[in-house]
Amino acid sequence: MAEQCPKHQEPAFDKPKVELHVHLDGAIRLKTILEVAKRRGIPLPANTEEHLSQCCCMQEPSTLTEFLSKFEQFMPIIAGDREAIKRIAYEFVETKSKEGVIYVEVRYSPHLLANCNVEPIPWNQKKGDLTPDEVVQLVNQGLSEGEKAFGIKVRSILCCMRHMPNWSMEIVDMCRKYHNDGVVAIDLAGDESLNAEAQQGHREAYEEAVRKGIHRTVHAGEVGPPAMVREAVDVLKAERIGHGYRTVEDPDLYKQLLKQGMHFETCPVSSRMTGACNPDFENHPIIRFVKDEANFSLNSDDPEIFRSTLDMEYQVARQYLNFTEKEFNRVNINAAMSSFLPTKEKEDLLNQLYEAYGKRSNQF
């Protein structure tokens with residue numbers, strides 16, 4: 001990984017950034033996992049960050065399924081623990097502030113952090129008293145305290161999980177309930193290979209999200225075929241696509257989404273490690289996105305599992321995908337425009353970027 005993502009050099013882009021696709025549970029610090037495990041008396045397969053990384057992190061390019069299996073190593077440590085959940089949300093904001101991010105939308109599944117009112121109870125936990133609804137409250141508190149401490153804006157996206165369609169309608173209800181407390185959208189995440197099409201529970205939830213005016217993004221076309229992207233757009237009415245690399249394999253669909261300005265939330269390091277794209281970045285779809293001036297952003301996805309940072313994503317984009325500062329400016333402007341912020345807050349964010357980049361809006 002070091003060859004592809006050099007860690008010790010000047011930042012590829014040292015101006016304010018916007019990030020739209022990063023998972024809270026994929027950004028938990030290894031130090032935090034170790035400390036929470038010790039406090040809770042839960043055994044771990046390692047007792048140092050270095051050794052824990054060998055269990056919890058991707059060491060070389062593999063598959064999406066292998067990547068998802070990593071969560072089994074550490075999520076039982078954090079799930080069901082109020083103090084830990086609030087802590088990881090707060091620490092997430094601190095990390096993003098250090099990376100030069102001024103606005104971020106972080107996503108997670110409330111059910112995967114709960115141990116009560118969720119069936120089945122995840123991670124082989126014993127039944128407790130922490131519900132998915134209270135998980136959202138705790139994350140909101142941690143993010144809000146982080147915003148005040150570190151001076152950046154953070155909003156959250158609640159994830160439905162492909163393998164658990166029975167959770168999805170509750171996600172919609174929580175999106176609506178916490179709309180004024182930082183929750184801005186719904187997502188569909190998980191292993192695309194598990195089901196070729198969205199199940200009834202997901203379809204109904206997304207239909208309800210449309211009716212309630214809840215913003216929508218969907219993981220699609222990461223490792224799944226272009227048909228998954230078409231389904232996300234036509235059936236689930238997605239406003240953004242998580243990853244979406246395989247879209248380019250369907251020329252008609254790709255042309256359609258280019259025309260309508262669909263936003264692709266791309267994650268270069270992630271795409272290499274999960275086997276979504278060529279590990280050498282040769283002919284990476286992002287190169288095509290740049291050439292066609294597609295609407296996309298650069299994001300870190302699950303940085304702790306990939307042992308990466310947002311700057312490493314930018315380093316990869318510069319070194320292997322031929323990005324210039326102009327392109328970095330453009331993808332961040334695109335991210336701000338495609339964010340799920342209300343109109344006035346979005347305008348304020350864009351003006352921050354225009355000022356920082358020394359450009360006017362008509363120059364992008």
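Salt bridges first, everyone: the count comes to 33, where a salt bridge is a side-chain nitrogen of Lys or Arg within 4 Å of a carboxyl oxygen of Asp or Glu. Keep in mind that this is a predicted model, where local features need pLDDT of at least 70, side-chain atom pairs count only at pLDDT 80 or more, and totals for chains, interfaces and linings use all residues. Residues are numbered from 1 along each chain as its sequence is written, and side-chain values use heavy atoms, leaving out hydrogens and water.

Let's look at some pairs. Glu83 and Arg39 meet at 3.6 Å, N to O. Glu83 sits in helix H5 (residues 82-98) and Arg39 in helix H1 (residues 30-40), so this bridge ties together parts 44 residues apart in sequence. Helices here are DSSP runs of H or I with at least four residues, numbered from the N terminus.

Next, Lys177 and Asp133 form a salt bridge at 3.0 Å, N to O. Lys177 belongs to helix H7 (residues 168-177) and Asp133 to helix H6 (residues 132-150), so here too the linked parts are 44 residues apart in sequence. Is Asp133 buried or exposed? Asp133 is buried, at 18% relative accessible area, while Lys177 is exposed at 55%. Buried means under 20%, exposed over 50%, and partly exposed in between, with a 1.4 Å probe and protein chains only.

Within helix H8 (residues 200-212), Glu208 and Lys212 are four residues apart, about one helical turn, and their closest N and O atoms are 3.6 Å apart.

And there's a network, too: salt bridges link Arg29, Glu35, Arg87, Glu91, Glu94 and Lys98.

Technical notes. Helices (H or I, at least four residues) and strands (E, at least two) are DSSP runs, numbered from the N terminus.
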